[in-house]
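User: I have a model open and want to learn how to read it. Can you take me through the main features, one at a time?

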Amino acid sequence: MRTKQVNLLITLVAVALFSFSCFCIYRITQTNNRLINCRNHILEFKENMLHLRNKTEKNSQEMMKVLNRIKYEITKRENLSGNLVAQKADILNKNETVSNTFEDLKFFFPHIRKEGRIYPDVIIGKGKTGVSFALGISTVNRGNYSYLKQTLTSVVSRMTLSEEKDSVVIVSVADSNEDYLHSVVKMITRKFKRQVRSGSLEVISIPAFLYSSMLNAKHLAEASQKLASWRIKQVLDFCILMLYAQPKAKYYLQLEDDIIAKEMYFTKITDFVGNISSNNWFFIEFSMLGFIGKLFRSEDLTHFVRFFLMFYKEKPIDWLLNDIFQVKVCDTGEDLGNCIKRKKQIRIRYKPSLFQHVGIHSSFPGKERYEKKI
């Protein structure tokens, strides 16, 4: 009897020990699983970080590829342009004086290749050339609102007579509304008689056929389509004005029809340009807002226009100006971050701004803008 009790006790102890062992093994296994899961999470996080870094490097490389491609396309189009100009010279009448740069438009717009003479209509002008500065102002009908007279008054009245003699102000009427064109011509011939007589103030009109089929944005909703078409046309307006102004002056200053030039603005611009120690500048900003107050060398305008025309449907012109600046500044294979930092260092900005934006009613119907400090 005693032996049976001992055996039973031994059996119970063995069962208890076995159960405790199983429990310990379970706890150890559970802990190991947690450690394994933790390690897996760490490995997964590390893998995600590596993937993110590789993706960032890939995006940077893709950006540089795009920039290099743009440089290649600009060089390619320059070579093609020379061939087309040579062909055009054989066709034109010897008495015609057409700017060769306008022939570039035919590369970008097939619908005008059948046109013979590509050139704006000169409404007022005496063909003034050989001056230091050409000032371009593009204007369109804003309905009941107009700032052009106010703009022109400030621009021409705040020049000295010698500065006026060494410059030409070009007003480009980029509107198919004949009544608006006539109103602009009437206002200018009455208000600015001396400048018109001397040839220091010109008015041109852009032929409607240049815009045919260029303004399509059919893939967008109606409201977005109208805004996109307006932006596209604005890029084209500026390009045509720049091409017209190029052979007239050493420098080209871009303005708009709803700004006020500040006192002695022209003197300050000429002094600033004359005092720049390095000639290795791309463009100079005399205003921070949009495309207003940007000064270019006239010899560089063709390069700018070709770039704008390659991407005129993609971005507003002030955005494209920033893009071409990056193309010119960034070296092949250079880290994008370093390029952006260097771009900020060499960008030339005159402060304070020499032009005040006053137009509340935008050239885009129904849009109002209140930014005035530029």
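Analyst: Start with exposure. A residue is buried under 20% relative accessible area, exposed over 50%, and partly exposed in between. Note that this is a predicted model.

User: Is Lys126 buried or exposed?

Analyst: Lys126 counts as exposed, because its relative accessibility is 56%. Lys126 sits in the loop between strand 1 (121-124) and strand 2 (131-139).

User: How do I read a pairing between two strands?

Analyst: Look at the sense and at the bridges. Strand 2 and strand 3 run parallel over seven bridges. Ser138, for example, has Ser172 in strand 3 as its bridge partner. Strand 3 also pairs with strand 4 (residues 201-205), again in the parallel sense, over five bridges. There, Ile170 has Glu202 as its bridge partner.

User: How many residues of strand 3 are buried?

Analyst: Seven of the seven residues in strand 3 (residues 167-173) are buried. Check both directions. Ser167, Val169, Val171 and Val173 point one way, while Val168, Ile170 and Ser172 point the other way, and all are buried.

User: Which helix is mostly covered?

Analyst: Helix 9 (residues 301-310) is, with nine of its ten residues buried. Among them are Phe304, Phe307 and Phe308, and also Arg306. Phe311 lies in the loop between helix 9 and helix 10 (317-329). Phe311 counts as partly exposed because its relative accessibility is 24%. Phe311 and Val235 are 76 residues apart in sequence, yet 9.5 Å apart in space, C-alpha to C-alpha.

User: Next, charges. What is the idea behind a salt bridge?

Analyst: Side chains of opposite charge can pair when their charged atoms come close. This structure holds twelve salt bridges. One of them joins Arg158 and Glu263, with the closest N and O atoms 3.4 Å apart. Arg158 lies in the loop between helix 3 (148-157) and helix 4 (161-165), and Glu263 in the loop between strand 6 (259-261) and helix 8 (265-275), so the pair ties together parts 105 residues apart in sequence. Arg158 is partly exposed at 25%, and Glu263 is exposed at 52%.

User: Which residue meets Glu164 in a salt bridge?

Analyst: Arg194 does, at 2.6 Å from N to O. Arg194 is in helix 6 and Glu164 in helix 4, so the pair ties together parts 30 residues apart in sequence. Now read the exposure of each partner. Arg194 is partly exposed at 41%, whereas Glu164 is buried at 7%.

User: What is the relative accessibility of Lys248?

Analyst: Lys248 has 5% and counts as buried. Lys248 forms a salt bridge with Glu202 at 3.1 Å, N to O. The pair links distant parts of the chain: Lys248 in the loop between helix 7 (222-245) and strand 5 (249-256), and Glu202 in strand 4, 46 residues apart. Glu202 is buried too, with a relative accessible area of 0%.

User: Which residues do salt bridges with shared partners join into one network?

Analyst: That network holds Arg142, Asp257 and Asp258.

Definitions and conventions:
Residues numbered from 1 in each chain as written. Predicted model: local features only at pLDDT ≥ 70, side-chain atom pairs only at ≥ 80, totals over all residues. Heavy atoms only, no water. Helix = DSSP H or I, 4+ residues; strand = E, 2+ residues; numbered from the N terminus. Buried < 20%, exposed > 50% of the residue type's maximum accessible area, 1.4 Å probe, protein only. Pairing = 2+ DSSP bridges. Salt bridge = Lys/Arg side-chain N within 4 Å of Asp/Glu carboxyl O.
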